[in-house]
Amino acid sequence: MKRKGSIVFKLSLFISVMLALLVILTSLIVITISRGVLDSNVRDFLISTVEQDVSTIRITETEENRTENIYYPYGEGYIEIDMDFLKTVGNVYAAIYTGAGEFVYGELPVYMVEPFTYTYTYVYNHDGVRYQVYDRKIPVVGAEHGELWIRGVVSKQQSEAQLGKIISVTLLFVPVLAVVAMAGGYFLMQMLLKPLKEIQQTAGQIASATDLSKRIEIKRDDEIGKLSGSLNTMMDRLQESFENEKRFTSDVSHELRTPLSVILGESEYMLEKECEKEEYAEALEVIQRQGRKMDTIVNDMLSFSRMDQGIENYCFEKTNLSSLVRDVVTECGKWDRKGIQLSSEIEDDIYVSGNAFLLERMTRNLIDNAYKYGNENGHVDVRLVTEDGYARLSVEDDGIGISEEDRDKIFLRFYRADASRTEEGTGLGLSMVSRIAELHDARIELQSEEGKGSCFSIIIKIN
Ligand code: ADP
């Protein structure tokens, strides 16, 4: 047997107790019913025998001397008893008595002096034997004759012996059935809980080997199968976030290493030798630039981790995208970069459900990239229009464009196309755009041609 605390043990104990109770209850019902049926059979046979005997008795004025009849003097006449009168049949005995208790004819298994009663039937005990008795008054015409009774008696010994057999068979079977029920319950539970054991084993393997790629095999379509499915989904999420965490740490440390080594190298060089004031200023500028880059990376990574925790961290509400984009365009229009001209076409009052801070950041990142990778004295066009219940925000430039092979990769964290290496950047801007779009259930479209320019569009549902 299992340990006391195991579910298998508890459930099989519970099932066994329930089944044992059921068997005992059923046995009690069987015994009660059998007893009732046996009693009523005996009683019915007793009554029908006595009733049949009543019909064989007649009172006559004279002795008619019929040889097949028996005559007994009775009052002024005779009791005529047909030969069909049954003194004994089966276990039933019958005898005729006068109302004064005087024996007339018949046979009884026991000597009884009980007065005659009109009771239906009753039980009479004698020498430890129980008898069922039925007294029946014979209808006699003419008061001068006095009362006449038939007493039918049957011993209950035989029916009680039969009942005893039923009881002993039942009592023998109760413990046998209880044991079978217990064993059956135990094996049933073992069988039902086997998949749970497998789940526990797999979970144990995952925990001991820290192998997050392991999954529970789903062999069934029932509740346990569904539980396994949910656990596997949970493991997928855990593995994903664990790998994100790993990538995050390695990406960040990798990306921070370059500016850090520049800062260290620059400061060591400056400390080692005597420098001119201008050289110090130059070195400090480099250090400041690298410091800013590190600051941007750290801040962006923190934003990612906040976004990765889900939209619960942000307040989503009905937001006027038109005025939001207009504000960003006005602000970016003030930049004095590469002589680029910024123009816009913004439809009024386009509302979406979203977070204003994130939407603003997404728009600014796209415009910033358009400036960064745009041509000297080129153009950047920002458009916000509605189409089929969606808002389309597009930022178009006439800059360096993106090669076909880079088009998918540029949305990955820290990815930068070779052509852009000369520009300052962290490779996090577009992955931020993509994550913000994802949080808003928005879609990104990119059209680009190398050397001609790019157009990034965000398609978001209107609220
Ligand atoms: P960053 O601009 O800091 O390098 P992003 O994630 O914003 O990082 O962009 C990733 C890469 O995608 C850039 O390095 C650049 O190669 C490419 N890219 C983004 N926007 C444009 C654009 N408008 N035109 C051409 N290339 C672009």
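Student: What should I know about the model before we start?
Tutor: It is predicted, so local features need pLDDT of at least 70 and side-chain atom pairs count only at pLDDT 80 or more, while totals for chains, interfaces and linings use all residues. Residues are numbered from 1 along each chain as its sequence is written, and side-chain values use heavy atoms, with hydrogens and water left out.

Student: How many helices and strands does the chain have?
Tutor: There are seven helices and 16 strands. Both are DSSP runs numbered from the N terminus, with helices being H or I of at least four residues and strands being E of at least two.

Student: Why is the chain said to be more spread out than a compact globule?
Tutor: Its radius of gyration is 53 Å, well over the 23 Å that the globule rule gives for 463 residues, so the chain is more spread out than a compact globule. That radius is taken over C-alpha atoms, and the rule is 2.2 Å times the number of residues to the power 0.38. The C-alpha atoms fill a box of roughly 165 × 55 × 35 Å along the principal axes.

Student: What percentage of the residues is buried?
Tutor: Of the 463 residues, 38% are buried. Buried means under 20% relative accessible area, exposed means over 50%, and partly exposed lies in between (1.4 Å probe, protein chains only).

Student: Changing topic, what is the strand order in the open sheet of three strands?
Tutor: The order is β1-β3-β2, with antiparallel pairing. Two strands pair if DSSP finds at least two bridges between them. The edge strands are β1 (57-60) and β2 (70-74), each pairing on one side only.

Student: And how many bridges join β2 to β3?
Tutor: Five bridges join β2 to β3 (residues 77-81), and the two strands run antiparallel. Y74 stands opposite G77 in β3.

Student: On to the loops: where is D388, and is it buried or exposed?
Tutor: D388 lies in the loop between β13 (379-387) and β14 (390-397). Its relative accessibility is 78%, so D388 counts as exposed. Phi of D388 is near 50°, a positive value in a residue other than glycine.

Student: What about F414, buried or exposed?
Tutor: F414 is buried, with a relative accessible area of 10%. This residue is found in the loop between β14 and α7 (429-439), and its phi is near 70°, again a positive value in a residue other than glycine.
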